[in-house]
Amino acid sequence: MPTTATPPSRLALYLDLIRWSRPAGWLLLLWPTLAALWIAADGFPGWHLLAVFTLGTILMRSAGCCVNDVADRDFDRHVKRTAQRPITSGAVSVREALAVGAVLALVAFALVLTTNAATIAWSVPALAVTILYPFTKRFFSMPQAVLGVAFSMGIPMAFTAVGRDVPWLALWLVLGNLFWVLAYDTEYAMVDRDDDLRIGMKTSAITLGRFDVPAIVAFYLLLVAIWAAALAPLALGWPFWLAIAAVLAQVAWHFTLIRRRTREGCFTAFRQNHWIGFTLFAGIAASYALR
């Protein structure tokens with residue numbers, strides 16, 4: 001007799017919903033946040049803040065996936081890459097997804113409550129931008145810029161969590177990080193450009209058109225230039241500058257991946273972006289460790 005496949009458990013579906021098997025997303029959030037935490041604390045920030053920001057980043061990115069998939073469910077069914085997402089396929093209901101997202105966001109907020117009033121206050125606009133982002137793809141020609149704001153909120157929160165005001169340095173780091181998000185999420189958008197054009201989705205890849213590849217390279221170089229200039233007065237030392245050189249080498253590699261605009265090349269470039277963030281964080285952390 002033919003056997004039927006066992007349907008996945010609710011836990012397996014929820015883990016798929018939050019992209020648990022694809023950690024690149026939360027790593028993109030984590031590395032600049034930890035870099036800012038090390039800079040704000042002038043070195044290792046302590047285990048408490050390290051745990052709060054690491055777990056909080058994973059939880060909020062996971063909650064963001066739930067909101068994103070609910071918002072995009074009518075679009076995702078027309079895109080080959082996303083047609084089998086749990087909400088789009090009907091395996092998880094909208095109510096379930098929102099409940100999972102709410103629980104994750106509440107746990108993240110509970111972690112923030114262990115910090116201080118300023119950090120708690122910053123968590124409110126961070127949540128608001130996370131919820132807003134998926135809907136901007138309907139009317140804003142560069143929704144990746146909104147994602148850049150959402151993915152940069154951990155930077156000012158890192159400074160307030162160590163008991164400091166948000167200095168100009170933090171805002172420069174936010175600006176550089178925003179350009180990085182524009183770079184890698186435009187690579188991501190290039191993967192689905194044909195589908196997005198057909199269904200009327202707005203993305204930076206569509207808006208930039210034939211200038212997409214040079215714009216991405218420019219965004220990467222702006223990240224490097226802004227972070228290098230902003231952190232130069234801190235005299236971090238050779239590990240930081242070695243990291244800057246390594247990031248530039250990765251940018252050159254990304255250009256080779258995306259220059260022909262193939263789906264495979266652009267998707268590979270996006271998935272490997274977390275190494276740029278890790279390289280910058282490692283250079284900063286190593287610099288403080290060697291002081």
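Predicted model: local features only at pLDDT ≥ 70, side-chain atom pairs only at ≥ 80, totals over all residues.

Now colour by burial, and 53% of the 291 residues count as buried.

Switch to cartoon. You'll see 16 helices and 0 strands. The radius of gyration is 19 Å, close to the 19 Å that the globule rule gives for 291 residues, so the chain is as compact as a globular protein of that length. Along the principal axes, the C-alpha atoms fill a box of roughly 70 × 45 × 40 Å.

Next, select the charged side chains. There are 23 positive and 16 negative ones, and the centres of the two sets lie 2 Å apart.

Now for the rings: the whole structure has 13 aromatic pairs. Zoom in on Trp31 and Phe278, whose ring centres are 5.1 Å apart with planes at 70°; that's over 60, so the pair is edge-to-face. Trp31 sits in helix H2 and Phe278 in helix H16, so this pair ties together parts 247 residues apart in sequence. Trp31 is buried at 14% relative accessibility, while Phe278 is partly exposed at 32%.

Then hop over to Tyr184 and Phe270: their ring centres are 6.2 Å apart and their planes at 55°, so call this pair tilted. It links helix H10 (Tyr184) to helix H15 (Phe270), 86 residues apart. Tyr184 is buried at 1%, and Phe270 is buried too, at 12%.

Last stop: select Trp31, Trp38, Phe44, Trp47, Trp275, Phe278 and Phe281 together, which form one aromatic cluster.

Conventions: Residues numbered from 1 in each chain as written. Heavy atoms only, no water. Helix = DSSP H or I, 4+ residues; strand = E, 2+ residues; numbered from the N terminus. Rg over C-alpha atoms; globule rule 2.2 N^0.38 Å. Buried < 20%, exposed > 50% of the residue type's maximum accessible area, 1.4 Å probe, protein only. Lys, Arg positive; Asp, Glu negative; His and termini not counted. Charge placed at Lys NZ, Arg CZ, Asp CG, Glu CD. Phe/Tyr/Trp six-rings, centres within 6.5 Å; stacked < 30°, edge-to-face > 60°.
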